[in-house]
Amino acid sequence: MFPTPEPPHSPGVTLVDVDELVLEQLLSLAQRDASPDEVAPPLGGPGWNPERTAWFRNYHREAAAGLDGAAGEKSWAVFSAGHAAGSVRLKRVAPAGVPTAETGIWLGRTYRSRGIGSAALTLVLEHARRAGLSRVTARTLAGNRAARQLLASAGCRLTPDDDGTVLAVVDL
């Protein structure tokens with residue numbers, strides 16, 4: 001009997017709760033395989049400095065409480081084939097009348113363009129549905145073609161803004 005090959009758009013992706021061990025795996029991945037500007041605000045100057053590193057740890061620790069926690073946010077590590085590949089999040093936002101969350105994702109450079117982002121977005125949208133959300137939004141730069149394609153493939157409506165960004169909205 002031969003093993004069944006994995007479908008091209010199902011790269012063994014899982015979302016993993018961020019505990020201290022997973023947090024250190026994510027930080028290591030971010031420091032070696034992502035630009036600091038992709039995963040942390042510009043704190044303390046360029047590069048992975050102590051301020052950005054502290055922010056990264058604190059952010060994931062606060063988001064561990066989930067959508068109903070004080071931060072109103074949940075982050076997961078994106079794992080592919082048993083390895084940390086990046087992170088994805090949901091954060092409650094409060095537009096009038098529609099239970100909504102914003103999502104965001106980053107992947108290490110070596111994990112991009114392999115279907116991992118698409119699989120992770122599908123999983124996070126399922127989490128949003130189970131949490132009773134009706135809408136998920138995201139924002140990306142107008143020049144980020146890969147992110148725009150990823151969001152469109154998940155059924156998002158894309159609307160360019162005057163500030164050089166694109167708003168993506170999907171109703172669940």
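## A lysine in strand β2

Lys-74 is found in strand β2, where helices (H or I, at least four residues) and strands (E, at least two) are DSSP runs numbered from the N terminus. The model is a predicted one, in which local features need pLDDT of at least 70 and side-chain atom pairs count only at pLDDT 80 or more, while totals for chains, interfaces and linings use all residues. Residues are numbered from 1 along each chain as its sequence is written, and side-chain values use heavy atoms, with hydrogens and water left out.

With a relative accessible area of 11%, Lys-74 is buried; buried stands for under 20% relative accessible area, exposed for over 50%, and partly exposed for what lies in between (1.4 Å probe, protein chains only). The side chain of Lys-74 is joined to that of Asp-17 by a polar contact of 2.9 Å, a term that covers a pair of N or O atoms within 3.5 Å, of which, within protein, one must be able to donate a hydrogen and the other to accept it, with residues adjacent in sequence counting only if both atoms are side-chain atoms. Not counting residues up to four places away in sequence, Lys-74 touches Asp-17, Ala-63, Ala-64, Gly-66, Leu-67, Val-88, Arg-89 and Leu-90, contact being defined as heavy atoms within 4.5 Å. The C-alpha atoms of Lys-74 and Arg-32, which are 42 residues apart along the chain, are separated by 24 Å.

## Ala-63 in helix α3

One of the residues that Lys-74 touches, Ala-63, lies in helix α3 and is buried, with a relative accessible area of 1%. Leaving aside neighbours within four places in sequence, Ala-63 is in contact with Glu-73, Lys-74 and Ser-75. Between Ala-63 and Ser-75, 12 residues apart along the chain, the C-alpha separation is 5.6 Å.

## The overall fold

The protein has five helices and seven strands, and from the N terminus on its elements run β-α-α-α-β-β-β-α-β-α-β-β. Its radius of gyration is 16 Å, close to the 16 Å that the globule rule gives for 172 residues, so the protein is as compact as a globular protein of that length; the radius is taken over C-alpha atoms, and the rule is 2.2 Å times the number of residues to the power 0.38. Along its principal axes, the C-alpha trace spans about 55 × 40 × 35 Å.

Of the 172 residues in the protein, 41% are buried, and among contacts with a separation of 6 or more, 54% are between residues 24 or more positions apart. The accessible surface comes to about 9,400 Å², with 56% of it belonging to carbon and sulfur atoms; accessible areas come from the Shrake-Rupley method with a 1.4 Å probe, and for residues only the protein chains shown count as cover.

## Two buried loop residues

In the loop between α2 (36-39) and α3 (50-63) is Asn-49, which counts as buried at 9% relative accessibility. A polar atom of the Asn-49 side chain lies 2.8 Å from the backbone oxygen of Leu-43, and the side chain of Asn-49 also reaches the backbone oxygen of Gly-45 at 2.9 Å. Leaving aside neighbours within four places in sequence, Asn-49 is in contact with Leu-43 and Gly-44.

Gly-108 is found in the loop between β4 and α4 and is buried, with a relative accessible area of 0%. Not counting residues up to four places away in sequence, Gly-108 touches Leu-29, Asp-33 and Ala-85. The C-alpha atoms of Gly-108 and Ser-87, 21 residues apart along the chain, are separated by 9.1 Å.

Most residues other than glycine have a negative phi. Ala-81, in the loop between β2 (73-80) and β3 (83-93), has instead a positive phi, near 50°, and at 60% relative accessibility this alanine counts as exposed.

Ser-113 likewise has a positive phi, of about 60°, although it is not a glycine. This serine is found in the loop between β4 (100-107) and α4 (116-130), and at 82% relative accessibility Ser-113 counts as exposed.
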